[in-house]
Amino acid sequence: MGKCIVVTAPSGSGKTTLIKRLLSETPSIQFSVSHTTRPKRDGETDGRDYHFTAESDFLAMIARGEFLEWAQVHSGYYGTALSELAKVETTNLILDIDVQGAMTLRARKQEALYVFIRPPSLAVLRERLTARHSDKPEEIDLRMWNAKREMEYIEHFDVVIVNDVLERAYAEFSGAIRHYLGEAGI
């Protein structure tokens, strides 16, 4: 039986960078691929980064009760299919989800290590979002507004990591997860 790791962060905090590095160095952890209705960004692959899903299909999945958690975030829907959690029976599973999804899992008493990655400041977060050139200014404003709200939930997480210096943040991130998994789980 594996263990579950839930990682969340405001958009642009570096969560994906930390998770990708951890996965490349830790083959005993599998990535849970979420569904989303947002458009695919350059370099993303359907089925690896997300299951890119039409909004009508996503809403039908909600109606059929196929999600462990789901939320409308920014300008799209995101959710983790129930079938993803079944992977915990055979491997350690890392979920890259938003704060709303993490709070849903907490309310459902999902056993997991809950990790929150935060930016060093909101000003740095805005710089990061602007520098990636993937969002329009109004989308960045929405992500900043959401980030302020999301950071109000920090006290609900087991581990909070400030991603100011990538190497230090990664050492804290991987160390916390390795500790949670124990030697047998790595």
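Leaving aside residues up to four places away in sequence, F31 touches I19, L23, R48, D49, E84, K87, L93, I94 and D96, where contact means heavy atoms within 4.5 Å. F31 lies in strand β2 (residues 29-32); strands (E, at least two residues) and helices (H or I, at least four) are DSSP runs numbered from the N terminus. F31 and A176 are 145 residues apart in sequence and 17 Å apart in space, C-alpha to C-alpha.

This is a predicted model, in which local features need pLDDT of at least 70 and side-chain atom pairs count only at pLDDT 80 or more, while totals for chains, interfaces and linings use all residues. Residues are numbered from 1 along each chain as its sequence is written, and side-chain values use heavy atoms, with hydrogens and water left out.

Strand β2 belongs to an open sheet of five strands in the order β2-β7-β1-β8-β9, with parallel pairing; two strands pair if DSSP finds at least two bridges between them. The edge strands, each pairing on one side only, are β2 and β9 (159-162). From one strand to the next the twist averages 25 degrees. Strands β1 (residues 4-8) and β7 (residues 92-96) run parallel and are joined by four bridges, with V7 opposite D96 in β7. Helix α1 lies across β1, β2, β7 and β8 (113-118), at about 165 degrees to β7. Axes here are lines fitted to C-alpha atoms, for helices over the stretch in contact, and angles run from 0 to 180 degrees between N-to-C directions.

Two packed helices are described by the angle between their axes and the distance between the axes. For α5 (residues 122-131) and α6 (residues 137-150), the axes come within 10 Å and cross at roughly 145 degrees. On the α5 side the contact is made by L122, L125, R126, L129 and T130, and on the α6 side by I140, D141, R143, M144, A147 and K148. These residues divide into six nonpolar, one polar and four charged. In this classing, Ala, Val, Leu, Ile, Met, Phe, Trp, Tyr, Cys and Pro are nonpolar, Asp, Glu, Lys and Arg are charged, and the others, Gly among them, are polar.

Pockets and cavities were found on a 1 Å grid over the protein atoms alone: a cavity is a set of points where a 1.4 Å probe fits but cannot get out, a pocket is an open set with protein on both sides within 12 Å along at least five of seven lines, and lining residues have an atom within 4 Å of a point. Grid points are joined across faces, edges and corners, and a volume is the space filled by probe spheres set on the points.

| Space | Volume | Lining by class |
|---|---|---|
| Largest pocket | about 890 Å³ | nine nonpolar, 12 polar, 15 charged |
| Second largest pocket | about 180 Å³ | four nonpolar, four polar, five charged |
| Largest cavity | about 30 Å³ | two nonpolar, two polar, two charged |

Of the 36 residues lining the largest pocket, K15, T16, R41, Y50 and D96 lie nearest its centre. Helix α1 gives the most to this lining of the largest pocket, with six residues.

The second largest pocket has 13 lining residues, and R38, P39, D135, E139 and R143 lie nearest its centre. Helix α6 gives the most to the lining of the second largest pocket, with three residues.

The count comes to one cavity of 30 Å³ or more. The largest cavity is lined by F31, S32, S34, D49, Y50 and D96.
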